[in-house]
Structure formats: structure tokens, C-alpha cells
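Student: I would like to learn how to read the features of a model like this one. Please take me through it step by step.

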There are 2 protein chains.
Amino acid sequence: MESDKFEEYGGEMLRYVTSYLDNIRSRRAFPDVEPGFMRGLIPDKAPDDPDSWQDLVKDIERVIMPGVTHWQSPKFFAYFPTSSSYASMLGDMLCNAIGCIGFTWASCPSCTELEVLMMDWLGKMLQLPDAFLFSGPGHGGGVIQGTASEATLMCLLSARTLFYKREREKRAELTMGQLVDSLVAYCSDQAHSSVERAGLIGAVNMRKLETDAKGSLRGDTLKKAILEDKAKGLIPFFLCATSGTTTSCAFDNLKELGPVCEEHGVWMHIDAAYAGSAFICPEFRPLLDGVEHAMSFNFNPHKWLKAMFDCSTLWVQNTDHLRYAFDVDPLYLKHENQGVMPDFRHWQIPLGRRFRSLKLWFVLRLMGVKNLQQSIRKDVRLAHEFETMVKSDPRFEISADVIMGLVCFRLKGPNEISERLLRDVNTGGQIHLVPSKMKDNYFLRLAICAPDTNSDDVKYAWDVIKKAADVIMKSPIA
Amino acid sequence: MESDKFEEYGGEMLRYVTSYLDNIRSRRAFPDVEPGFMRGLIPDKAPDDPDSWQDLVKDIERVIMPGVTHWQSPKFFAYFPTSSSYASMLGDMLCNAIGCIGFTWASCPSCTELEVLMMDWLGKMLQLPDAFLFSGPGHGGGVIQGTASEATLMCLLSARTLFYKREREKRAELTMGQLVDSLVAYCSDQAHSSVERAGLIGAVNMRKLETDAKGSLRGDTLKKAILEDKAKGLIPFFLCATSGTTTSCAFDNLKELGPVCEEHGVWMHIDAAYAGSAFICPEFRPLLDGVEHAMSFNFNPHKWLKAMFDCSTLWVQNTDHLRYAFDVDPLYLKHENQGVMPDFRHWQIPLGRRFRSLKLWFVLRLMGVKNLQQSIRKDVRLAHEFETMVKSDPRFEISADVIMGLVCFRLKGPNEISERLLRDVNTGGQIHLVPSKMKDNYFLRLAICAPDTNSDDVKYAWDVIKKAADVIMKSPIA
């Protein structure tokens with residue numbers, strides 16, 4: 001494709017994008033297709049000769065759109081938001097044009113250096129302690145990971161290596177197998193599935209600890225577990241605390257957990273994948289108090305801060321722990337300036353990495369901190385509007401404190417009627433939600449997701465849910 | 001940002017992109033900046049109020065471009081190529097507009113279904129055995145991973161789980177630590193650094209085996225190692241064979257290795273990150289013979305097949321091995337159609353995933369198989385042109401067979417003069433190369449990288465190198 005054609009087709013694509021997003025409310029939030037729907041809609045092999053641009057464009061509506069779950073629709077309230085913004089898209093266009101792989105400083109100095117600066121910008125927006133910043137007094141710094149799963153895993157593995165080195169100083173003959181059989185990591189019974197998975201990948205025991213009535217892990221619970229495990233001769237080494245659980249947006253008590261971790265030499269990692277974005281607002285920042293005790297902190301700007309997936313930001317107080325987690329250093333990746341600026345390949349699971357800081361730079365500059373704060377506040381306000389509607393209907397109950405942009409609610413009574421409510425609502429396809437469960441209590445989760453969601457959309461959602469409840473209440477299940 | 005502004009700014013960005021790529025030869029391939037160059041060029045915190053688009057655009061040339069290593073420049077010959085194409089960029093624009101996260105079928109059916117179909121399209125282009133295809137007779141299929149590092153790791157971990165289940169059937173009390181201390185994985189001494197890293201992450205012993213004079217791992221070497229390890233009571237479980245090493249583009253002997261793995265129940269994974277794209281050309285396909293013995297096969301369309309990073313395609317003969325590697329299944333990710341189409345979240349390390357099959361679809365349709373084959377052949381031809389030039393100069397020698405688009409060469413004599421040659425060439429910044437080493441023999445690697453590299457660019461590179469050699473030969477190092 002020549003440049004003039006790219007400009008022409010690209011212009012068409014820009015207009016398709018704006019038209020798609022401007023008119024997204026007219027589409028079902030959740031598609032009405034069966035598994036396997038696409039087979040048969042396209043040939044079973046690639047064309048030998050090029051297809052025309054026009055044919056491809058036609059197929060976007062014919063083949064792709066019928067099966068899209070519209071995450072950017074104001075009628076989509078499932079999971080958590082995944083950010084979308086025009087600013088981020090523009091940054092990604094530039095990223096693709098440069099088309100570099102930023103695994104070392106030398107492989108593209110700007111890719112590394114902008115990331116260093118953006119991690120400090122963002123860290124300051126969150127009022128992270130200076131110890132986490134490149135510009136701070138210690139060995140702190142941050143890096144963009146693909147996902148919170150990878151951030152958790154990278155920290156767990158870094159902690160595993162740290163403990164391997166420490167324990168080998170005491171017992172030189174210690175094997176990795178003996179170590180992993182002795183290590184214990186902790187998380188709450190509300191932690192994200194990726195935390196359990198990090199334990200499985202790291203081959204270490206991940207012990208799930210009971211939370212209090214609000215889904216929060218408390219210091220005493222952790223302390224008891226650590227003492228129990230130490231008494232058994234085990235080595236507590238890692239805690240993944242959650243600030244804003246996926247289930248109900250509960251917050252572990254960092255101010256209690258932090259000192260317990262410090263006392264027992266346990267690496268405290270904080271997973272604030274969703275809620276972390278809100279800490280740019282001073283009124284929500286107290287939820288992060290205690291972060292000074294953490295070795296590492298992670299949240300996803302790609303969830304709630306307008307930078308598109310993938311952009312998961314991780315800070316550590318001692319970057320050496322990431323750097324030396326796996327010290328593999330082939331000649332073809334060495335360069336003359338090693339050690340001055342980070343070589344981010346050491347800080348993550350994969351080797352390759354895109355120029356993702358560009359989209360952060362575009363978002364932060366084109367939106368500014370105040371607009372980003374307003375956007376968070378809007379979503380929280382909408383959640384409270386929905387909460388008020390739910391509370392106004394005596395058939396319903398709220399299942400967890402509404403703190404951020406998530407409302408957990410259910411029909412009073414046995415789980416089955418709420419399960420049916422969810423099924424009916426999703427089958428209708430007008431709005432889309434997913435469920436969760438706490439202590440055997442099943443509920444629906446309504447998360448404010450799309451950038452354009454407004455009060456009318458939330459009222460619309462409530463109407464859909466209320467009508468579905470009306471039908472269920474008229475003909476309860478056998 | 002409103003839609004009309006996005007169309008306006010997006011149009012400007014499209015023109016910036018084409019202008020950047022059309023004029024990229026006028027820029028230094030390798031930047032002339034010192035570590036830390038960017039600090040001071042931008043403020044030390046994010047703006048409270050939005051910056052203007054115009055100011056941001058100006059800063060692309062002022063702040064970013066001076067520190068860019070131009071991977072898409074025809075004067076860039078370092079590492080391996082990272083694909084760039086307008087077709088892929090257009091597909092990514094659509095991906096960002098849809099802005100979905102495709103972790104389950106239900107989270108965006110089209111995202112999963114197009115990926116299933118594209119993996120079959122691509123598998124057929126490579127003439128993979130039917131056993132690897134979704135449309136094949138068995139349990140085969142493929143998935144897009146972020147990088148080859150992750151594909152290798154995912155397969156190694158899946159094999160670890162498989163062996164854990166098997167060994168626990170024999171010894172129910174076996175712990176994971178005891179298992180990992182017994183497991184042995186293999187790769188050649190030429191394997192990519194990410195393979196060694198996968199062993200470290202998986203906490204298993206990764207034994208590097210000696211290759212033959214051409215850098216190829218042979219069947220007898222593997223067999224001997226397996227028998228040795230079995231005699232020690234260890235459990236050989238995984239081989240990462242390489243088709244096209246990073247060091248010199250050597251090919252492990254799959255036809256020898258495969259039967260050895262089958263005989264001893266070892267999972268053979270093939271890492272063809274770079275060279276795999278060439279297997280769409282019938283004349284190169286014989287290099288993949290033996291793949292029928294592999295449990296898994298991976299290559300990176302984002303390296304040499306016009307789909308931009310990240311797009312690393314992995315096929316397995318039994319998708320259950322990935323699916324059940326880590327069976328973590330929270331309620332908020334369940335859906336009613338589980339088990340019919342894949343839920344790709346189980347097939348990879350991270351949970352989240354972009355709609356990456358769109359860029360593959362755009363590339364395959366807008367370019368067609370024949371053009372993609374021609375593009376591979378052009379790069380291989382250019383490599384041979386360069387090889388001929390090197391061979392014409394008696395001061396130089398070729399260090400490895402030229403099979404794909406990579407030429408390994410050196411100045412005859414001690415390593416030091418080739419090391420100086422590389423340093424001088426890279427400092428000049430006109431072209432960019434990286435070195436490697438085989439059996440203590442240091443050499444320079446010239447990889448044909450950019451989509452537009454032509455014969456003149458290769459001649460230009462040779463002139464730069466020859467002139468640098470002239471200077472060195474006049475004043476040899478002490």
C-alpha cells in the first residue's frame with residue numbers, strides 16, 4: 001500500500017471510528033450470536049491475491065460487528081471499564097508508525113526515557129511516596145507492564161528470587177524446589193483470579209485469607225497466618241493486597257497490613273488495577289494510605305485513566321529487585337550505555353515491548369489532570385445515582401459499599417432469583433452486566449464503563465433491570 | 001476531544017506518519033543522544049489543564065525523534081525486523097476503536113472467532129499439519145500471544161503441569177518443589193535468552209546442549225542428554241528447539257529431534273520467532289519438516305509478516321494442555337457458552353487481550369499470500385547480495401550460512417578488530433547493527449529489517465562498513 005492510499009483509507013477509518021463511537025448506543029451492548037457464528041461468513045483460507053479495501057470495509061459490518069460486545073457502549077456495565085479515548089488512539093498511531101521495540105535503552109532511547117518520565121508524572125499525580133519515583137532519593141522507579149496479571153507475577157517472581165538469594169546465604173545447598181515448597185504467599189479470598197494464577201506459575205503456595213464483612217483483608221488475619229506458617233517452618237514471603245477488588249471493589253487495609261509485612265520481612269504488593277486511577281483525586285487518595293509500606297504498587301491506566309489497553313503501571317521501591325530477578329544477558333542485547341538508564345527488558349516477563357508511554361503522554365497532555373479527575377468523579381457520581389435507584393426499590397438490596405464506579409446489588413431472597421435476573425437482562429442484550437459472589441451471596445455488578453455514560457444511561461439500565469425483575473416476581477422459579 | 005477534532009488531528013497524524021516513513025532515510029538510523037537526554041526537555045509533572053494539540057505535535061520532533069532508533073529505516077540492520085505495514089496500522093485503528101478485552105468468548109465473540117479463523121488461515125499458509133488446526137481432526141488450534149517469550153513460557157508451564165499430573169498419579173504425595181527439582185528442560189546453546197528465562201520463571205533446570213559446527217542441535221546430542229538425566233533419576237520433560245536462531249539463524253534438526261522426544265515422552269516446542277514467516281514460501285518450507293513431532297510451534301508475524309507488534313502466533317496439537325495448565329475460573333469470568341469456542345484467557349499468561357486478529361485479517365486480505373511471499377523472497381535475496389559483497393573482500397569472512405535475511409560476518413583475525421568495527425559503524429549512526437558470538441567467534445549481524453530496504457541500501461551499508469574497515473586496517477589497535 002502506498003502512502004497516498006494509506007492517507008485515503010486511514011481517513012475513511014477515522015470517519016468509521018467516529019461514526020461507530022458516536023452512534024454506539026444504537027447497537028445491542030451484548031451480541032446475539034451463537035458460538036461458531038463467524039465460520040461460514042469468511043473463506044476458509046487467506047486470499048492469494050489482495051482483496052480490495054472496499055470489500056474489507058464492507059466486511060467490518062457484515063462479519064465483525066454482529067459479534068462484538070461493545071465495551072465502549074454506555075449500555076455496557078460488565079467487568080470493569082477498559083479505557084478509550086481519542087487522545088490515546090492518536091498516541092498509538094504514532095507508536096505504530098515508529099514501530100520500534102524498546103527492550104533496551106539503545107534499542108530506542110526515547111521509548112525508555114519517555115516511559116521513565118511518564119511513570120514519574122503519573123506517580124506524582126497519585127502522590128506516591130518519593131521512594132517509588134525515579135526522581136526520588138532512593139532506588140525507586142516504575143515501568144509499563146501489559147496487564148496487572150503480569151505485574152503481580154513479575155513482583156511475586158522477583159520476591160521469590162530475592163528470598164532464594166537470602167536463604168542460600170544461610171543454606172548454600174538449598175534447591176529451588178526446596179525453596180518453593182517452603183514459601184508461602186498470601187492474598188485475600190477476594191483477590192483477583194490472576195493472583196492465584198501467579199502462585200501457580202511461580203510454583204508457590206498462595207494462601208487465601210479470610211476477609212472481614214466488607215471484603216477487606218485485615219492486619220490481624222495476616223499476622224495470625226504468618227505466625228502459623230512460621231511455626232510450621234514455612235517462609236512467608238509475599239502478600240498481594242488489593243485496593244478495589246474485582247468482586248465488589250473492596251479495599252484491603254493497607255495501614256494494618258503494611259507494618260505486619262515489614263515486621264516479618266514480607267514483600268507487600270498492592271494490586272489497584274481498577275481503583276488506582278481514582279487516587280489522582282485528593283478525596284480518594286486516603287484509600288492508598290499505607291502504600292509507603294509496600295515494595296510494589298500497580299494499577300491500570302488502561303482501565304480508568306483513558307490510556308488504552310495495554311498500559312498497566314507498576315512502581316517499586318527498589319528497582320534492583322526487578323532488574324536482577326532473572327539476569328539473562330546475551331551479547332546481541334548488550335549496549336555501551338548499560339546501567340545508566342533502565343533496560344526495561346529486565347523488568348518484565350516478555351522481551352519485546354511497544355512504545356506505550358506515547359499514549360500516556362498524549363492522554364496526560366491533551367486531557368490534563370483536572371479533566372481526568374472530573375472523569376473519575378463523574379463515574380463515581382453515576383454509581384451513586386444508580387445506588388439510590390436500587391435502594392428506592394424494596395425488592396432489591398445493595399451488596400457492598402459503593403466507593404468507586406461499581407454497584408453490587410441483588411434481589412432480596414435466594415441467589416436463584418438474582419441469577420435469573422442476570423440471565424434475563426443479558427439475554428435481552430440492551431445492557432450487559434456480569435455477576436459475582438461474596439461469602440455465598442450472589443449479586444450483580446454494575447460498573448460504569450464507557451467514557452460517555454451519563455445519567456440517562458444509568459436510568460435506562462435501571463429500567464431494564466426493574467422490568468426484568470417485574471417479570472421474575474410475577475412468575476417466580478419453581 | 002470531540003469526534004470532529006479527532007478526525008482533524010487524526011488526519012494530521014496520518015500525514016505525519018506517511019511523511020515520517022517516506023523520508024526516513026534522511027534520518028540517522030541510530031540516535032546521537034546520551035542517557036538522560038530527555039529529562040529537561042519536558043516539564044517534570046503532568047499539566048493540570050490540557051496542552052494544545054499543536055504544542056504536542058511540535059514536541060514529537062523536538063522531544064521524541066532525536067532519541068528514536070529508527071527500526072523502520074532501510075539503514076537499520078540490527079536485531080531482527082519488527083514488521084510494519086499500513087495494512088496492519090489500519091487494523092489496529094479498528095482494534096482501538098472497538099476497545100474490547102477478549103479474555104472469554106462472551107467478552108467479545110468476534111475477537112475470539114476471528115482469531116480462531118486467522119490462526120487456521122495462517123496455519124494453512126505455513127502448511128502446518130492438520131493436527132495443529134482448529135479445523136483439523138484432533139484437538140489442535142492456535143492463539144495469538146504477545147511475544148515468543150510468552151509462547152515458550154506458556155508451553156513450558158503447560159508441560160510442567162502435565163508432568164505434575166502424570167507423576168502425581170504414580171506418587172500422590174509428590175510436591176511441586178520435588179517435581180521441579182526433578183524436571184529437566186533442554187534447549188541448544190544457541191537458543192534465545194527468553195528460553196533460559198522461561199526455565200528460571202518455571203523454576204526448572206534448563207540444560208543448554210551443544211550444537212554442531214553450524215549451530216544446529218542434533219538428535220544424538222539430545223538423546224545422550226536425556227539418557228544421562230534419566231540415569232540420574234531426573235525427568236526430561238521439555239525441549240525448546242529453534243528454527244532460526246537469533247545469533248546466526250541456525251536451524252535445529254527437527255527431523256532428528258522429533259523422534260527422540262516422542263520416544264522419551266518429551267514435549268517438543270519449536271521457536272521459529274523470526275524464520276517462521278518464511279515457511280509460507282514452498283522453497284523454505286522443508287526447514288520445518290519434523291514439525292509433526294512437535295507438541296507446539298510458534299513464530300512471530302510481528303517480525304517478518306507485516307503484522308505489527310504484538311502478534312506472536314502459537315499452535316498446539318492438544319489445546320487442552322494450555323486450557324488446563326492453570327485452571328482458575330472465577331464467577332465474574334464465566335459465561336453460558338463455555339466450552340464451545342475457546343476462552344483464550346486460559347491459553348496465555350495475562351488475562352487481558354486486545355483484538356489482535358484484526359491486524360492479521362487486514363494484512364492477509366490487503367496484501368494476499370503472493371505479495372507476502374515476494375516480500376520474504378526480496379529480503380532473502382538482499383541478504384545474499386550483501387553476502388556476495390562480503391565474500392568479494394578478502395579482509396572479511398562469512399560466519400554462518402546465509403539462509404534467511406541475516407548475514408553474519410567479521411573481519412578475519414582476532415575478535416577485537418570486529419568489535420572495533422561494530423563500535424565505529426554504530427557510532428557513525430548512518431547504519432545500525434548488533435553483534436553476536438558463536439563458540440567464542442565474535443561477528444556482526446546484518447539483518448534485512450525495513451519493509452523498503454532495497455539493493456542500494458545494502459550497497460550503502462557495505463560502503464559504510466568497508467570504509468570503517470579501511471580506517472581500522474590503517475591503524476590497528478595496540
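Student: How many salt bridges does the rule find across the interface of chain B and chain A?

Tutor: A salt bridge here is a side-chain nitrogen of Lys or Arg within 4 Å of a carboxyl oxygen of Asp or Glu. The rule finds eight across the interface of chain B and chain A. One joins the side chains of B:Arg365 and A:Asp59, at 2.7 Å from N to O.

Student: What are the ground rules for these values?

Tutor: This is a predicted model: local features need pLDDT of at least 70, side-chain atom pairs count only at pLDDT 80 or more, and totals for chains, interfaces and linings use all residues. Residues are numbered from 1 along each chain as its sequence is written, chains are lettered from A and ligands numbered from 1 in the order in which they are written, and side-chain values use heavy atoms, with hydrogens and water left out.

Student: How many residue pairs are in polar contact across the interface?

Tutor: A polar contact is a pair of N or O atoms within 3.5 Å; within protein, one must be able to donate a hydrogen and the other to accept it, and residues adjacent in sequence count only if both atoms are side-chain atoms. Between chain B and chain A there are 64 such residue pairs, both residues at pLDDT 80 or more.

Student: Which element gives the most to the side of chain B that touches chain A?

Tutor: Elements are DSSP runs, numbered from the N terminus: helices are H or I, at least four residues, and strands are E, at least two. Helix α1 (residues 3-22) of chain B gives the most, with 15 residues. The residues on that side of chain B divide into 82 nonpolar, 33 polar and 31 charged. In this scheme Ala, Val, Leu, Ile, Met, Phe, Trp, Tyr, Cys and Pro count as nonpolar, Asp, Glu, Lys and Arg as charged, and the others, Gly among them, as polar.

Student: What area is buried between chain B and chain A?

Tutor: Buried area is the accessible area (1.4 Å probe) that two parts lose on being put together, summed over both. Here the value is about 12,500 Å², and carbon and sulfur atoms give 68% of it. B:Arg197, B:Tyr332 and B:Arg365 supply 7% of the area that chain B buries against chain A, more than any other three residues. Contact means heavy atoms within 4.5 Å. By that test, the interface takes 146 residues from chain B and 147 residues from chain A.

Student: What rotation superposes chain B on chain A?

Tutor: Copies are superposed by least squares on the C-alpha atoms of residues with pLDDT of at least 70 in both. A rotation of 180 degrees, with 0.0 Å of shift along its axis, does it at RMSD 0.0 Å. That is the relation of a two-fold axis. In chain B, the C-alpha of B:Gly177 is nearest the axis, 1.8 Å from it. The same surface serves both copies: 100% of the contact residues of chain B recur in chain A.

Student: Which backbone angles deserve a look?

Tutor: Most residues other than glycine have a negative phi, and most peptide bonds are trans. A:Cys249 is not a glycine, yet has a positive phi of about 55 degrees. A:Cys249 sits in the loop between β4 (235-242) and α9 (254-264) of chain A. A cis peptide bond joins A:Phe309 and A:Asp310, with omega about 5 degrees. In chain B, a cis peptide bond joins B:Phe309 and B:Asp310, with omega about 5 degrees.
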